[in-house]
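Please keep the sequence and the structure in view while reading.

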Amino acid sequence: MSRTRRMRPLIVGVAIASLVAAPSVLGRQPANGGSTAEGLVFNPNPVVTSGIGDLADAKDADYDLLNDERVSVTLTHLDGSGYLHGDYAFVVSSTGDPAFETDGTFDYTRHDDRFEQVMAYYWVTQAQLYIRSLGFGNDLAYPGINDDAQMVRINQLGYDNSFATDHPKDEMRFGKGGVDDAEDGEVILHEYGHQIHFSQSATFFSSLEAGSISEGFGDYWAATVAEWAGPAQSDPACIAEWDSVSYTAGPVHCLRRLDTSLMYPTDLNGRVHHDGQIWSHALWNLRTALGAQHADWAILNAQFGWTGTTMPDLAARIVAQVEARYGAGEAAQAEAAFAERGILP
């Protein structure tokens, strides 16, 4: 099973079925009638919270250890319909019944497809809440970023893969096989990273190098939001530990890492997931140097209207944002973060 094609930012020539509308819910409002509910999720995945690196998928079966790693969370910004539809996420399923609860309680085990629906709703919403915590979408100074109801489909693709796309539908789709992709919060967050880029610039994906940047950013975004929303991780540079148990050798399972030795431009090989690890390492350096909030604000603000050229071009834009808001001292640290990977001189 190849993972080189995972998490593509653009889908060209692939037919995507129209969204299936949820059944009418007239007269079936949840008892609490409110915008919040309770649900069980992995936070962000059971490998992180258990500390056990070689958990078994067991062909999607429930077992006690996995059940014990679910945590209760508050699902916010719901529309009150009883479905997982809200201000920032709109979840549908192609493989089972849509999650619908009349008492505001969405408690499922991972064998139930509805568990993945809850995961998708929760982590998409958390991603948007983090963006808003940085100031985007809260006032006229900093516009919103992907701040509508993001369509998310839990889907049997016929292979173990997930992707984000803006054509013909603006949606994220999560496949099954091995560990079902939406069981890992960091996979969900990675795909949301691509949606951020679709939202910020119609010309973001104008070059192969820009595609690599989006893959690297998606990995970085998964790590930074998971650290913000969840428990501290012993190895935060390892991405999607749970999803990757099905196709990596271990003993440490990672979809990719944020701390590889790859350098720009000597290690570029034209494979976006490989080349993206140069960018993700540079962003991880930036976060380490400046702190998450300063780094993430500058990264996001620099991406508005970017025309999809090269890593040095976008890096220079990020440094300029750091200097404008945080001063010359932090700008020098930002330059060093990118220079350590060869992206800036």
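## Salt bridges

In this predicted model, a search of the whole structure finds 14 salt bridges. One of them joins the side chains of D57 and R110, with a distance of 2.6 Å from N to O. D57 lies in the loop between α1 (46-50) and α2 (64-68), while R110 lies in the loop between β4 (105-106) and α3, so this pair ties together parts of the chain that are 53 residues apart in sequence. D57 counts as buried because its relative accessibility is 13%, and buried means under 20%. R110 is also buried, with a relative accessible area of 1%.

R110 takes part in a salt bridge with E183 as well, at 3.1 Å from N to O. This pair links distant parts of the chain, 73 residues apart: R110 is in the loop between β4 and α3, and E183 is in the loop between β7 (171-174) and α4 (185-200). Both R110 and E183 are buried. Together with D60, the residues D57, R110 and E183 are linked in a network of salt bridges.

## A partly exposed salt bridge

A further salt bridge is formed by the side chains of R257 and D235, at 2.9 Å from N to O. R257 belongs to strand β9 (residues 256-257) and D235 to the loop between α5 (208-229) and β8 (238-239), so the pair ties together parts that are 22 residues apart in sequence. Are these two residues buried or partly exposed? R257 counts as partly exposed at 24% relative accessibility, and D235 counts as partly exposed at 25%.

## Aromatic pairs

The whole structure contains 16 aromatic pairs. In one of them, the ring centres of F136 and W297 are 6.4 Å apart and the planes meet at 20°, so the pair is stacked. F136 is in the loop between α3 and β5, and W297 is in helix α7 (residues 292-303), 161 residues apart. Both F136 and W297 are buried.

W297 also pairs with Y142: the centres are 5.5 Å apart and the planes are at 90°, so this pair is edge-to-face. Y142 counts as partly exposed at 23% relative accessibility, whereas W297 counts as buried at 4%. Ring pairs link F136, Y142, W297, F304 and Y326 into a cluster.

## A negative surface patch

On the surface, D147, D148, D166 and D170 gather in a patch of negative charge. D147 is placed in the loop between α3 (113-133) and β5 (150-154), and at 34% relative accessibility D147 counts as partly exposed.

Methods
Residues are numbered from 1 along each chain as its sequence is written. This is a predicted model: local features need pLDDT of at least 70, side-chain atom pairs count only at pLDDT 80 or more; totals for chains, interfaces and linings use all residues. Side-chain values use heavy atoms; hydrogens and water are left out. Patches are made of residues with over 30% relative accessible area and no salt bridge: like charges are joined within 9 Å, nonpolar side chains (Val, Leu, Ile, Met, Phe, Trp, Tyr) within 5 Å. Accessible areas come from the Shrake-Rupley method with a 1.4 Å probe; for residues, only the protein chains shown count as cover. A salt bridge is a side-chain nitrogen of Lys or Arg within 4 Å of a carboxyl oxygen of Asp or Glu. Lys and Arg count as positive and Asp and Glu as negative; His and the chain ends are not counted. The place of a charge is taken as NZ of Lys, CZ of Arg, CG of Asp or CD of Glu. Helices (H or I, at least four residues) and strands (E, at least two) are DSSP runs, numbered from the N terminus. Buried means under 20% relative accessible area, exposed over 50%, partly exposed in between (1.4 Å probe, protein chains only). Rings of Phe, Tyr and Trp (its six-membered ring) pair if their centres lie within 6.5 Å; planes under 30 degrees apart count as stacked, over 60 as edge-to-face and the rest as tilted.
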